[in-house]
Amino acid sequence: MSGFDIRRFTARGFGGHIGRLGLTFHDSGPDWVALALPYAEDQIGDPATGVIASGPIVTMMDTATSLAVWVRLGRFVPQATLDLRVDYLRPAVPGRTVIGRGECVKLTRSVAFVRGIAHDGDADDPLAQVAGTFMLMDSWS
């Protein structure tokens, strides 16, 4: 059983930039976390289309993959995003909540490897996919 309780960690919501975006916990498993980004007019990138800007989606995916590392480790470990590649496959549908699912696929002594997708209702039709690495900094002094 994991020593890092993601439901307890997210129970009061998020502060800072993540909280301002309205990100909320959606679901989780032994090595993955899903967050929800509700549609909001102040996050639209182009008013002519009503599509959510890329910034909130990048933040959501960075957060979901980072939390997935803690869930897989079973504990909180300070970490830094080394790389997060985001490939946009299509625009999000205006008015829909975007779900971001991040997964920790491998851990080494100092690096976590992650991947994930963002979708707006159908995980088989993602709007973005991500792959990245985090540096685990618990052994740094």
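Which side chains meet in a salt bridge with an N to O distance of 2.7 Å? They are those of Arg20 and Asp42, a salt bridge being a side-chain nitrogen of Lys or Arg within 4 Å of a carboxyl oxygen of Asp or Glu. This pair links distant parts of the chain, since Arg20 belongs to helix α2 (residues 16–21) and Asp42 to the loop between β2 (32–37) and β3 (44–46), 22 residues apart. Helices (H or I, at least four residues) and strands (E, at least two) are DSSP runs, numbered from the N terminus.

The model is predicted, and local features need pLDDT of at least 70, side-chain atom pairs count only at pLDDT 80 or more, while totals for chains, interfaces and linings use all residues. Residues are numbered from 1 along each chain as its sequence is written, and side-chain values use heavy atoms, with hydrogens and water left out.

## Salt bridges

A search of the whole structure finds eight salt bridges, including the three listed here.

| Pair | Closest N to O distance |
|---|---|
| Asp138 and Arg75 | 2.9 Å |

Through salt bridges that share partners, Arg90, Arg96, Asp120 and Asp125 are joined into one network.

Asp138 forms a salt bridge with Arg75. Asp138 is in the segment after β8, whereas Arg75 is in the loop between α3 (54–73) and β5 (79–88), so the pair ties together parts that are 63 residues apart in sequence.

Accessibility is given in three classes: buried means under 20% relative accessible area, exposed over 50%, and partly exposed in between (1.4 Å probe, protein chains only). Arg20 is exposed at 55%, while Asp138 is partly exposed at 38%, Arg75 is partly exposed at 40%, and Asp125 is partly exposed at 37%.

## Asp120

Asp120 is found in the loop between β7 (111–119) and β8 (128–136), and with a relative accessibility of 5% this residue counts as buried. Its side chain is joined to that of Arg90 by a polar contact of 2.7 Å, a term for a pair of N or O atoms within 3.5 Å in which, within protein, one must be able to donate a hydrogen and the other to accept it, residues adjacent in sequence counting only if both atoms are side-chain atoms. A polar atom of the Asp120 side chain also lies 2.7 Å from the backbone nitrogen of Val93. Leaving aside residues up to four places away in sequence, Asp120 touches Arg90, Ala92, Val93, Arg96, Thr97, Val98 and Leu127, where contact means heavy atoms within 4.5 Å.
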